[in-house]
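Hi,

Here is the structure I promised to pass on. Have a look at it first, and then read my notes below.

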Amino acid sequence: MRHVVRKLFWVWNYDKEEKWLNEMAAKGLCLISVGYGKFEFEDCDPGEYRICLQMLEKRPRHIESRRYIEFVESTGAEHIGTFARWIYFRKKATDGDFAMFSDYDSRIKHLNRIITFVGLVSLANLLIGTGNVIRAIANAYPIADLNYSGLLNIAIGILGSFGTWRLLKKRNKLKAESQLFE
Amino acid sequence: MANVTLTEAVYYILLSLVEPMHGYGIMQKAESLSNGRVKLAAGTLYGAINSLLEKGWITALPGEKDSRKKEYQITQEGRQALEAELLRLKELLENGKRILEG
């Protein structure tokens, strides 16, 4: 039987999303497709699968991304779906541990990719929003006409900056650990 | 060979590729060589294979375009890197033994 769950995760909470998807799989609900805030599950044996997600470096249709997905599948994982640049895999729990990365270097590189994305989106929103609001003020529009989309851009920019800060903290912790361990 | 330290992943990938092998084979070989301790994840392995190809320490064997079946093998430069790493590891081991065991 199929079950649809609507739930939103901030990009910087991708590890919480992965944890939640694994908790669902442990309960016998295995992810079969992903969409915008929409997760579709089907019944499976509790704990039958483990789930992993990752942000791709290039667009999902890019030849390099396709090669990468093929490679991961060749290691026994199943490509469940793609949402924006995020890819979702599942693997039978009987195959042992399932993670996309097994060393600090590749984990840090992956985090840097997410940081660049979230950071650039936040910066663009902050700049566009501030520009629009300043223009509205400079043109002395009445307060009711104040550029609301500009304010929305600024809000997104601030939220994204918070996310970037969270990701940077996570990345720096990994970097510090990588100085001591491999 | 420059004085470099290989990561554990690179060390086991190079060691596995003394004979031709595809990606999944490398994961299994590294795990069995290390008695189950080293579990290379697919993303880490993929990145390391690409870096090693760029560096010329491993080569992709011709004939297989499907990346799922593509096989790789260590090159002469890769062997030299492994040998240099063995010397470094020997030094680590000997110093450790000498100081801790007296």
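A:R2 counts as exposed, because its relative accessibility is 57% (exposed means over 50% relative accessible area, buried under 20%, partly exposed in between, with a 1.4 Å probe and protein chains only). Its salt-bridge partner is A:E40, with the closest N and O atoms 3.2 Å apart (a salt bridge is a side-chain nitrogen of Lys or Arg within 4 Å of a carboxyl oxygen of Asp or Glu). A:E40 counts as buried, because its relative accessibility is 15%. The two sit 38 residues apart, A:R2 in strand β1 (residues 2-6) and A:E40 in strand β3 (residues 38-43) of chain A (strands, E, are DSSP runs of at least two residues and helices, H or I, of at least four, numbered from the N terminus).

Before you go further: this is a predicted model, where local features need pLDDT of at least 70, side-chain atom pairs count only at pLDDT 80 or more, and totals for chains, interfaces and linings use all residues. Residues are numbered from 1 along each chain as its sequence is written, chains are lettered from A and ligands numbered from 1 in the order in which they are written, and side-chain values use heavy atoms, leaving out hydrogens and water.

Back to salt bridges: the count over all chains is 14. Here are some others:

- A:K19 pairs with A:E23 at 3.4 Å between the closest N and O atoms; both lie in helix α1 (residues 14-26) of chain A, four residues or about one turn apart.
- B:E19 pairs with B:K29, and there the closest N and O atoms are 3.9 Å apart.
- A:E42, A:E78 and A:R90 form a salt-bridge network.

Finally, the inside. The largest nonpolar core has 38 residues, and B:L14 and B:L40 have the most contacts within it (such a core is a set of buried Ala, Val, Leu, Ile, Met, Phe, Trp, Tyr and Cys residues joined through side-chain atoms within 4.5 Å). A second, separate core has 28 residues, including A:L31 and A:W86.

Cheers
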